[in-house]
Amino acid sequence: MAEGVTPVRMPDLGEVGAAVVVEWLVGVGSAVVAGDDLVEVETEKTTFVIPAPASGRLGAIRVPVGGTARVEDVLGSIDRA
Amino acid sequence: MLVKLGRLAYDPALALQRRAHALRVAGRIRDVLFTVEHDPVFTCGRRARAESFRVDAAGIEAAGIAVRRVERGGDVTYHGPGQLVVYPIFDLRAQGRDVKGHVATLEEAAIRTLAGWGLVATRREGLPGVWTARGKVGSVGVYVRRWVSMHGLALNVAVDAAHFAMIDPCGLPIRAVSIADEVAPAPSLVVVEERFVAEYGKLLGVRWREEPATWLEGRGDG
């Protein structure tokens, strides 16, 4: 990742398999504050809301809705403010 | 904390869950477990598909069953009389941030509850829920935001099979069974609730302190 960019990673939720991206709660280019709800994923019949890891703007979505991700995979990135 | 809501429609119970969730996120209350029996309702999880319904909207309305879209994971499920529903509003950071473990503990508590009547139930890999040899007796669907859970598990004690037959539970062509289909004489919902709460408490290592349903009123507003 380039300087000034923070990756949004799939967190470790326990021994879960791949998670599916259900919804990006903000659009690319939108401002976010660290800790804001950013993206919802689902695994093991659980919806998990991933918070923004940094403040700035949602720079890119790497895994779109319907895509799958495993722990530590990069889902997108925040261009830091 | 344990709050037994008794028989309560889905919407007010959901409002209570959301309120408790917000208060738990804010650190204004401790973990709380709600138990409840709902009026008939189909709830659709975040990834519910229209084809999971076997009847059309008119058929559902004619049967007097409400439909609600909710934030939990999973497809379509049914809640109604004769079903024990439990909603743990827990901060999972205190439990190792283990979402799978949270679901597995709910399932295990149901399995141990059923074992009390000699009923063998299991988990199935890749198919969350609780299963007997004949079908699905327990369903799970959870939502976690800011590491605090809501929604939970539903255990069929003696549920109207005709209502369940209107959907493919969790989007699968499977059969929903009740404890009453498997055990005679069937235990009452209140007895199943007592056993479940006891087994769940043992697994979590907590002693429940029961509070009335009015417990949340006036909390966290000041």
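In chain B, strand β3 (residues 41–44) runs parallel to β4(B) and is joined to it by 4 bridges, strands being DSSP runs of E of at least two residues, numbered from the N terminus. Within this pairing, Thr43(B) stands opposite Arg68(B) of β4(B). The model is a predicted one, in which local features need pLDDT of at least 70 and side-chain atom pairs count only at pLDDT 80 or more, while totals for chains, interfaces and linings use all residues. Residues are numbered from 1 along each chain as its sequence is written, and chains are lettered from A in the order in which they are written.

The two strands belong to an open sheet of 3 strands in chain B, ordered β4-β3-β5 with mixed pairing, where two strands pair if DSSP finds at least two bridges between them. Because β4 (66–69) and β5 (76–79) of chain B each have a single partner strand, they stand at the edges, and one side of each is left without a neighbour in the sheet.

Turning to the contact between the chains, 14 residues come from chain A and 18 residues from chain B, two residues being in contact if their C-beta atoms, placed from the backbone, lie within 7 Å. On the side of chain A that touches chain B, β4 (37–43) and β5 (46–51) of chain A give two or more residues, and the largest share, 4 residues, comes from β5(A). This β5(A) is also joined by 4 bridges to strand β9 (residues 136–145) of chain B, the two running parallel, and Phe48(A) has Val144(B) as its bridge partner in β9(B).
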